[in-house]
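Me: I have a model open and want to go through a few spots in it. Can you take my questions as they come?

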Amino acid sequence: MPLVTTTEMFKKAYDGGYAIGAFNVNNMEIVQGITEAAGELKSPVILQVSKGARAYANHTYLVKLVEAAVIENPDIPIALHLDHGDSFELCKSCIDGGFTSVMIDASSKSFEDNIALTKQVVEYAHAHGVVVEAELGKLAGIEDDVNVSAEDSSYTQPEEVEEFVDRTGCDSLAIAIGTSHGAYKFTPDQCTRNADGILVPPPLRFDVLEECMKRLPEFPIVLHGSSSVPQEFVKMVNQYGGNMPDAVGIPEEQLRKAAELAVCKINIDSDIRLAMTGNIRKYMAEHPDHFDPRQYLKPARQAVKDMVTHKLINVLGCNGKA
């Protein structure tokens, strides 16, 4: 099947109590690992491209990689989405360039300016058969071109969501309930330690999510900054020359609970990068005489596939939903 929008994906996810995985892609191995896992599990999937990824790999190369994945996986729905678009011009370029979904992130602006920019993108996107994700509330953390300090972050105000959606016409809404961008989501001072000495972040604000659900019945909600930062890969990176102390993510059981509610799309990025980087570091340390990129990228690609397989089954619950 050709690339699809997220409209049907989200309707089925909302009704079925699961979420669609949205994974950021930067190169061939990441695209292959994600879509091979989704294809084998018969899972719908969203491939995301950030502004930074377009600058790194080039719009055309990324689109062609995704088109190749569609050809290789004809039985699953795949959407191509712009992650954190920060301007009308960027969103327009992606819409004109073959994306089926775009995000306009004007959450750093005032409420009225956020509405104005989001509405502008929605009008252009809908006229071209493309859907739009918007954001209300600001997530802390650093990821690609997104950089928001903890002091500047803010939870979504549920009393604003209905007006925002009505006035913009957006198709889905990213909200802030305590997730955070990047692998360093929380400082140690924000966390507690469990019996094993592992840092545990503060719980997600499900009260905010549930209030948004009441005000936007059957409307798809999105969570950004939802990587769990598996500690086995943090240890692997550190064991083989890295330095990632106190990297901590969102507990997977909380994400599964969110997926059973109104959250239809969960963005997962850092976990893939950690698995890939850890395995590359391990391979190079164990094979110091190897120099062919195919040698170390093969286990890295498998690590991406294994990570996505785990997420699709155990966190998102969307396996078999294609």
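Me: What stands opposite Phe23 in β13?
Reply: Ile268 in β13 stands opposite Phe23. Strands here are DSSP runs of E with at least two residues, helices are runs of H or I with at least four residues, and both are numbered from the N terminus.

Me: Before we go on, what kind of model is this?
Reply: This is a predicted model, where local features need pLDDT of at least 70, side-chain atom pairs count only at pLDDT 80 or more, and totals for chains, interfaces and linings use all residues. Residues are numbered from 1 along each chain as its sequence is written, and side-chain values use heavy atoms, with hydrogens and water left out.

Me: OK. How many bridges join β1 to β13?
Reply: There are 4 bridges between β1 and β13 (residues 263–268), and the two strands run parallel. Strands count as paired if DSSP finds at least two bridges between them.

Me: And how many join β1 to β2?
Reply: β1 is joined to β2 (residues 45–50) by 4 bridges, again in parallel. Ala22 stands opposite Ile46 in β2.

Me: How does the chain get from β1 to β2?
Reply: It passes through helix α2 (residues 28–41), and this β-α-β crossover is right-handed. That term applies if, with the strands pointing away from the viewer, the path from the first strand over the helix to the second runs clockwise.

Me: Is β1 mostly covered or uncovered?
Reply: Covered: 5 of the 5 residues in β1 (residues 20–24) are buried. Buried means under 20% relative accessible area, exposed means over 50%, and partly exposed is in between, with a 1.4 Å probe and protein chains only. Gly21 and Phe23 point one way from β1, Ile20, Ala22 and Asn24 point the other way, and all are buried.

Me: Switching topic, how many residues has the largest nonpolar core?
Reply: 85 residues, and Phe23, Ile34, Val102 and Leu173 have the most contacts inside it. The largest share of this core, 7 residues, comes from helix α12 (residues 293–316). A nonpolar core is a set of buried Ala, Val, Leu, Ile, Met, Phe, Trp, Tyr and Cys residues joined through side-chain atoms within 4.5 Å.

Me: What does Ile34 touch?
Reply: Leaving aside neighbours within four places in sequence, Ile34 is in contact (heavy atoms within 4.5 Å) with Phe23, Asn24, Val25, Val45, Leu47, Ile272, Val304 and Val308.

Me: What is in the second core?
Reply: That separate core has 11 residues, among them Val229, Val234, Met244 and Leu274.

Me: Where is Val229, then?
Reply: Val229 is in the loop between β12 (221–223) and α9 (231–239). Its phi is near 50°, a positive value in a residue other than glycine. Most residues other than glycine have a negative phi. Val229 counts as buried because its relative accessible area is 1%.

Me: Last one, is Ala259 buried or exposed?
Reply: Ala259 is buried, with a relative accessible area of 0%. This residue is in helix α10 (residues 252–259). Ala259 and Leu316 are 57 residues apart in sequence, and 6.3 Å separates them in space, C-alpha to C-alpha.
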